[in-house]
Amino acid sequence: MVLDINIYLILISLSAAILAGLLTSPFLRTRKLSFILGAVLVALGFYFLQNGGSEQVKTTAIYNLSSIGLGFGLVLRGLVRPNIHRPKYSNQEAVIKDEAVISIRNISKDYFNGVKTTALRGVDLKINKGEFVAIMGPSGSGKSTLMHIVGLLDIPTSGSYRLAGKEVANLSPSEQAEVRNRDIGFVFQQFNLLPRTTVLDNILLPTIYNNSTGSKDRALEIINKVGLSDRVNHKSNQLSGGQIQRVAIARALMMNPHIILADEPTGNLDSKTSEEIMAVFQQINKEGTTIVMVTHEEDIASHAKRMVKLKDGLIISDQIRS
Ligand SMILES: Nc1ncnc2c1ncn2[C@@H]1O[C@H](COP(=O)(O)OP(=O)(O)OP(=O)(O)O)[C@@H](O)[C@H]1O
Ligand SMILES: [Mg+2]
C-alpha cells in the first residue's frame, strides 16, 4: 500500500517527521526518554502500516510514516545528545560559585543637599565569595558610602553593581529590601539594639519579618557561637559594649547571609574586646561567609586577608595579605 502513495509525499512527510523528532528531543529530560518514546513511535508506525485497513489507505499511511519518522528522529537524537542537567542548587548559588559575589564597576555617588558632595568617583571593586576584606581610609573618604551601596541601603549616582551576578544598582526600594534581607547581614554601629529587650529577642528580630520557623534553636546556636550563652536573657542595657557588638553580629548571622558588612564593628571597643570580636569574624569567615569591614585601625584591618584603601572617593591601594 505504501507504493500507492506518491513517492514525494512519502519523502516529504518522512523527512519533516524526522526533523520534528530531532528538534523535539532536547525538550525531553533524558536521552533515555527520547530513545524509548522514539522506539515506541517507530514500532506503532510500522504496526499500523502493516495492519491498517484498506480504506483511506493513503492518509493512514502518511500518519504512520510520520510516526515512524518522528520516532526515528527522537531515537537518533536520543543516541547522541547530552542529558539536560538540572542543577540541584538555585541559579543564585550557581552564579556565586563562578563569579565574584560583589562586582562594582565605575561607581560614583554624589549627594545633593544644597551643595553637591561627591563621595565616590568611579570605584571599581571585585570581591570573591569567602573573602575577608578590610576597607580603610581617612574620615570622609567614602567608606560608609561604599558600604551603603554594597549593602543596597543606597543607590549609586552612576555605575554598575552586580551582586552574585545580578545587576542591582537600580533596583526599586522594595526589591533592594528583598535582596538585602536574603543575602546581607549588617553590623553597623547605628543599627542599635532594641532597648530593654533581651539578647535572645534582639537576635530573633530579623526572623519576625521573615516568618522563619525553628528560629529559637538557631538563635541559641548563634548566641553560643558569639560567646553569649550566659547572657541570653540579659537586657540590652545590661550589656557591655563588646557584648552589644556580639549581639549585633549574632543578629546579622540570623538569616544566614552570604555576606556580612561591618562598618567600624570595633569602633568603641577596647583592644582586648576588639580582638575577641575579630576572632568571631574570622570563625564566620572560615565557615564561608564573605566579610567586608570598614575600620580605622591597622591592627583590626590586619585580621582581614585583603586591605582596600580609599582616599577622596577613589581606591588608592588594594593589597592581599601575604
Ligand atoms: N547623606 C549625605 N549627604 C551629604 N553628604 C554626605 C552624606 N553622607 C556622606 N556625605 C559626604 O560624603 C563624603 C563621604 O562620606 P562617608 O560617610 O562615606 O565617609 P567615611 O569614609 O565613612 O568617613 P568616616 O571615616 O568619618 O566614617 C563626606 O564628604 C561626607 O560629608
Ligand atoms: Mg564612615
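Phe281 lies in helix α10, which spans residues 271–286; helices here are DSSP runs of H or I of at least four residues, strands are runs of E of at least two, and both are numbered from the N terminus. The model is a predicted one, in which local features need pLDDT of at least 70, side-chain atom pairs count only at pLDDT 80 or more, and totals for chains, interfaces and linings use all residues. Residues are numbered from 1 along each chain as its sequence is written, while chains are lettered from A and ligands numbered from 1 in the order in which they are written.

Phe281 counts as buried because it has 23 C-beta neighbours inside 10 Å. By the criterion applied, a residue is buried if 20 or more other C-beta atoms lie within 10 Å of its own, exposed if 12 or fewer, and partly exposed in between, with C-beta atoms placed from the backbone. When residues up to four places away in sequence are not counted, Phe281 touches Ile291 and His303; contact requires that the two C-beta atoms, placed from the backbone, lie within 7 Å. Ile249 is 32 residues from Phe281 in sequence, and their C-alpha atoms are 8.6 Å apart in space.

The chain as a whole contains 11 helices and 10 strands. Of its 322 residues, 34% are buried. Among contacts with a separation of 6 or more, 71% are between residues 24 or more positions apart.

An open sheet is formed by 4 strands in the order β2-β1-β4-β5, with antiparallel pairing. Strands β2 and β5 (166–167) are at the edges and each has a single partner strand, so one side of each is left without a neighbour in the sheet. Pairing was assigned where DSSP finds at least two bridges between two strands. Strands β1 (102–113) and β2 (115–127) run antiparallel and are joined by 10 bridges, with Ile107 opposite Val123 in β2. Strands β9 (residues 306–311) and β10 (residues 314–320) also run antiparallel, joined by 6 bridges. Here Met307 stands opposite Gln319 in β10. The hairpin of β9 and β10 has 2 residues between the strands, and Asp312 takes a positive phi near 50° in this hairpin.

The shell around ligand 1 includes Tyr111, Asn113, Thr117, Ala119, Gly137 and Ser139, together with Gly140, Ser141, Gly142, Lys143, Ser144 and Thr145; a residue is near a molecule if its C-beta atom, placed from the backbone, lies within 6 Å of it. Strands β1 and β2 and helix α5 each supply at least two residues of this shell, and the largest share, 3 residues, comes from α5. By class, 2 residues of the shell are nonpolar, 9 polar and 1 charged. In this scheme Ala, Val, Leu, Ile, Met, Phe, Trp, Tyr, Cys and Pro count as nonpolar, Asp, Glu, Lys and Arg as charged, and the others, Gly among them, as polar.

Leu152 is found in the loop between α5 (143–150) and β4 (158–163), and Leu153 has its place in the loop between α5 and β4. Leu152 is buried because 23 other C-beta atoms lie within 10 Å, whereas Leu153, with 16 other C-beta atoms within 10 Å, is partly exposed. Leaving aside neighbours within four places in sequence, Leu152 is in contact with Val168, Gln176, Val179, Arg180 and Ile184. The C-alpha atoms of Leu152 and Ile184 are separated by 9.0 Å, with the two residues 32 apart along the chain. For Leu153 and Pro173, 20 residues apart in sequence, the C-alpha to C-alpha distance is 8.6 Å.
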